[in-house]
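Here is a short briefing to read beside the sequence and the 3D view. Keep both open and find each feature as you go.

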Amino acid sequence: MKNTNIISSNFNNHYDYWVFDLDNTIYDFNLGLFRRISQRMTEYIKDFFQLNHSEALNLQKSMYRKYGLTLRGLMIEKEIDPEPFLEYVHDVSFDDLKTDHKLKKLLGEIKGNKLIYTNASYKHAEKILTSMGIFEEFEMIFDIKDSNYIAKPDQSSYLMMKEKFGFDNENIKRSIFFEDTAKNLKPASELGMSTVWIENDFNKEEANKLRKFINFTGSDIKSILTKMLRS
Ligand SMILES: [Mg+2]
């Protein structure tokens, strides 16, 4: 892990607000849960717009590229209703998501506020966190509805998050943000948050380009928290 601006070893002394992304950050990327959600988006688009599979996938990808969030693009360009879409895409099986005692214990060692900042829905976050046995660890969840369906890394999403979490220009400096999607760390860093990138091959190139906006990195949430809290 990089250690650029931390003098004392225990991060509890430096941060009062611990903000976590959800998908592929709180649980492991390798579970493939997010891939299944993405597949359900393709299915929904296919049925809704009567497209074949590759047309649906192309629309999904182009909306994602243009707006940072497939749903946002579909709302703007195709005027779809967000609620049935979110309901459908997040209806995935959570069978492989088990109670994570080790993560629960680590989260319990954090003295500050623990918050979730996700581009997904509250309901999805609640289901995941409950399956992992860590729902009650978090004080607040900021979801896609809270940001009027404007997703990270759009700066206006961060400003709404800042407001909901009660950050001002001073206390935000005592916050730390954990994310697997490297580009989502840049606006956070610009607002004064410390940033942690959860390493993954998918985001490697992007993370290299954004190095100056990333304070710390590590292979997964548990090993990162272990280093931050127990060394
Ligand atoms: Mg993520």
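Pro 153 sits in the loop between E3 and helix H7 (155-164). The peptide bond leading from Lys 152 into Pro 153 is cis, and its omega is near 5°. This is a predicted model, so every value here is computed rather than taken from an experiment.

- As background, most peptide bonds are trans, and most residues other than glycine have a negative phi.
- Asn 148 is also placed in the loop between E3 and H7.
- Asn 148 is not a glycine, yet its phi is positive, at about 50°.
- Is Asn 148 buried or exposed? Asn 148 counts as exposed, because it has 12 C-beta neighbours inside 10 Å, and the cut-off for exposed is 12 or fewer.
- Gln 50 lies in the loop between helix H1 (33-49) and helix H2 (53-67).
- Gln 50 has a positive phi, near 55°, and is a residue other than glycine.
- Gln 50 counts as exposed, because it has 9 C-beta neighbours inside 10 Å.

**The chain as a whole**

- The protein chain contains ten helices and six strands.
- The C-alpha trace spans about 55 × 35 × 30 Å along its principal axes.
- Buried residues make up 37% of the 231 residues in the protein chain.
- Take the contacts in the protein chain with a separation of 6 or more: 61% of them join residues 24 or more positions apart.

**The sheet**

- Strands of a sheet pair through backbone hydrogen bonds, and the pairing is either parallel or antiparallel.
- What is the order of the six strands in the open sheet? The order is E3-E2-E1-E4-E5-E6, and the pairing is parallel.
- Strand E3 (140-142) and strand E6 (216-218) are the edge strands, and each pairs on one side only.
- From one strand to the next, the twist averages 20°.
- Helix H10 (residues 221-230) packs on this sheet and touches strand E4 (175-179), strand E5 (194-198) and E6.
- The direction of H10 makes about 125° with that of E6.

**Strand partners**

- Strand E1 (residues 17-20) pairs with E2 in the parallel sense, over four bridges.
- Tyr 17 has Asn 113, in E2, as its bridge partner.
- Strand E2 (residues 113-117) pairs with E3 in the parallel sense, over three bridges.
- Ile 116 has Ile 141, in E3, as its bridge partner.
- Tyr 117 has Phe 142, also in E3, as its bridge partner.

**Two packed helices**

- Two packed helices are described by the angle between their axes and the distance between the axes.
- Helix H5 (residues 101-108) packs with H10 at an angle of about 35°, and their axes are 10 Å apart.
- Is the crossing of H5 and H10 left-handed or right-handed? The crossing is left-handed.
- Which residues meet in the contact of H5 with H10? From H5 come Lys 102, Leu 103 and Leu 106. From H10 come Ile 221, Lys 222, Leu 225, Thr 226 and Leu 229.
- The residues of this contact divide into five nonpolar, one polar and two charged.

Conventions
Residues are numbered from 1 along each chain as its sequence is written. This is a predicted model: local features need pLDDT of at least 70, side-chain atom pairs count only at pLDDT 80 or more; totals for chains, interfaces and linings use all residues. Helices (H or I, at least four residues) and strands (E, at least two) are DSSP runs, numbered from the N terminus. A residue is buried if 20 or more other C-beta atoms lie within 10 Å of its own, exposed if 12 or fewer, and partly exposed in between; C-beta atoms are placed from the backbone. Two residues are in contact if their C-beta atoms, placed from the backbone, lie within 7 Å. Two strands pair if DSSP finds at least two bridges between them. Axes are lines fitted to C-alpha atoms, for helices over the stretch in contact, and angles run from 0 to 180 degrees between N-to-C directions. A crossing is left-handed if the near helix is turned anticlockwise from the far one by less than a right angle, and right-handed if clockwise. Ala, Val, Leu, Ile, Met, Phe, Trp, Tyr, Cys and Pro count as nonpolar, Asp, Glu, Lys and Arg as charged, and the others, Gly among them, as polar.
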